[in-house]
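I opened my notebook for a look through this structure.

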Amino acid sequence: MIAPLLAAIPLLGAPSAASADTLAVVRERKELTWGGDVQGGEPYVFEDPKNPEHLIGFEVELADALARSLGVRAVFRQSDWSNLVPGLERGDFDVALNGLEDTPARRARLLLSIPYFAFGETLAVHAGDSRHSLDALRGGRIGSLAQSFAYDLIRSRGFEPVSYEGVSEPYTDLALGRLDGVLLDHVIADRYGCPRKGVECVRGDVARGNYVVGLRRSDTALKAAIDDSLRRLAANGELEAILARWKLWDARQVGLWSAEPASVPSVTATSGSSPDAPRGWTLADTRLFLEGAAVTIFLSACAFALALPIGLALALARLERRRAVRFVSTLYVEIFRGTPLLLQLYVLYFALAPLVRLGAMSAAILGLSLNYAAYEAEIHRGALNAIPRGQGEAARSLGLGRWQVLRHVLLPQSFRIALPAMTNDFVALLKDSSLVSVITVIELTKRMTIAAVDLRGWLVPGLACAALYLAMSYPLSRLADRLDKSLRHDPHHEPV
Amino acid sequence: MIRITNLSKRRGDQLVLAGVTTDIEAAESVAILGSSGSGKTTLLRCCNALESFDEGRIEIAGFDLGAGPGPTGKDLVRLRQSVGFVFQDLYLFPHLTLVENVSLAPRVTGLRTAAEARRDALELLERVGLQQRAADYPHQLSGGQRQRVAIARALAPRPSVLLLDEPTSALDRATAASVADTIVELTRGRVTLVLVTHQPELATRMADRILHLEHGVLTESAASRP
């Protein structure tokens, strides 16, 4: 029964099919879609402080330059940074272009372009701490970005890094003393870490690496075209101009494309740039937050509308006489209640991607509804069980069939009983919908985390986000209370 | 009209009905007297296929019920339409008004159109003296009024047999007598009436003939009315 319901969901953000020849597809649709994470912040790709709907950053300019040299337009696709590779593989975008480091693991999984940027890994420690190497910090807590080169580097030294999703949070924790060190690309360290009070960046790169464009393994033609374009941009000075504009041109870049290996300077050549001063809250932020709230409501309402019939069907199946039917329904409820919603979303969006290609919004709605159906099933089972057995018998004794009994006698009564619990469940769903940001949907909570990076603070966006959630959930909670009270005093439910 | 032959039913080790045999004429009114636990409710439920039985046979309103699983599908619907049942606990539908309670079955089982079912229901409510309350809900009624609605609801599909389980046990003496008279008035000469009760005075008041059921064994009473 799920298939026809699914067909009814608008396939918002449905991914382009991963075709065998993406280059031809790119040329045909005159668009090169590139995946990145706005949450990564300045200087990669981030919202323009003057106009948060407009994206800027050195990678935005690079993507534009690459697309131009292919004769097409660059179109940005939001993806959680830690999910860039699976997102690319499932066809959400044509290339991954967002501080993607050249690592053996990625080489094994993807096609990688020639480098467009050379970075160093910068170790940040507490100001005044004399331990200036990873080995000296052995046994301590080192933070880094999940899935990053630095993360792998820490692990290769034999200790477990503390994993973060955002670039600013590790340094916050370092400054707060929750970490002993942070290892991240110098681009991030220079902007989000080193200028911070209480944080000291160790001079000298712990390691060197390159940023590259990631492509699907089958896209050899597109890789050749991107490599050609990069060489052209390097040769005609356009790449240097872009990097210089973002204060990213430094000694590391010299010789990046020459035949002989670059000489590795022994000292971190800090770009000397300081991060832009944190910007304040703007009207545009308010609009984006309201839009985020609208997405939250839309996907919660759709998910609940789907969860209801599925849950009802499950509840009826659990009250079935046939054991097999009961078993299947019980199994469903136990699996979906017994595993994290987050895991279910990952499985639905990434693990099942080779089998079912769902757009992010469809996957979000389906994932939430499949999960909440299990809870709805229990609510409706309880409500149906609360109706005196005689009600069904009386209806049957009048000649009503099984479905007529349900439709005309049992469900109208059980719905009334279930209504307060259903309302409470909807409030819970509203809040749980924040989890879908992991599969790239930008709803209210994700909007808040993006703003927190841009504003370099959680307080204002956090309060705005909380206020919007409360504005949505409080009236519903009140409604649930009132329904509950009116049910308890409802004379319709006195035994007659 | 009703012929029960050698009907037996076990519940675990216990023999609830032990070879019950009886004949009931069309339009006859029969009371089955017995103390609680005598098996009288079970006997009634077997007649409407709400329960199965282990041995014997029930011929009722042109249907032939044997041991084991009862009729299904359309047969079951027709049997239920021909054999009305009033439960001891009534089980009026609390979410429906009186007229909706009475008209529901004929309407949704396709016996009548919605308009016909409603007209019939209003007429039945009038005959039990509740036409003014048609738009009220069951919880707004007194015990005796509810009993009358339950009877009207059971009669709405125009059954040829009406089974009544302790129809007045929850009512005071005067109300019980009045309800009993209404039932007789509505069914006399047209509907075969089988009522089970533990009250001898109700049996005498309503029935042409009284049977006794004790420990699952049915016996004819000497004190039946002529």
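Which residue in β4(A) is the bridge partner of W34(A)? I looked it up, and F76(A) is the partner. A note before going on: this is a predicted model, where local features need pLDDT of at least 70, side-chain atom pairs count only at pLDDT 80 or more, and totals for chains, interfaces and linings use all residues. Residues are numbered from 1 along each chain as its sequence is written, with chains lettered from A and ligands numbered from 1 in the order in which they are written.

**Sheet.** I found that β1 (residues 31-36) of chain A runs parallel to β4(A), joined by six bridges. Strands here are DSSP E runs of at least two residues, and helices are H or I runs of at least four, numbered from the N terminus; two strands pair if DSSP finds at least two bridges between them. I then traced the open, mixed sheet of five strands in chain A as β4-β1-β5-β13-β6. β4 (73-78) and β6 (111-112) of chain A each have a single partner strand, so one side of each lacks a neighbour in the sheet.

**Core.** Next I checked the largest nonpolar core, which has 86 residues. Such a core is a set of buried Ala, Val, Leu, Ile, Met, Phe, Trp, Tyr and Cys residues joined through C-beta atoms within 7 Å, and buried means 20 or more other C-beta atoms within 10 Å of a residue's own, exposed 12 or fewer, partly exposed in between, with C-beta atoms placed from the backbone. V95(A) and A124(A) touch the most other members. Helix α3 (residues 58-70) of chain A gives the most to this core, with seven residues.
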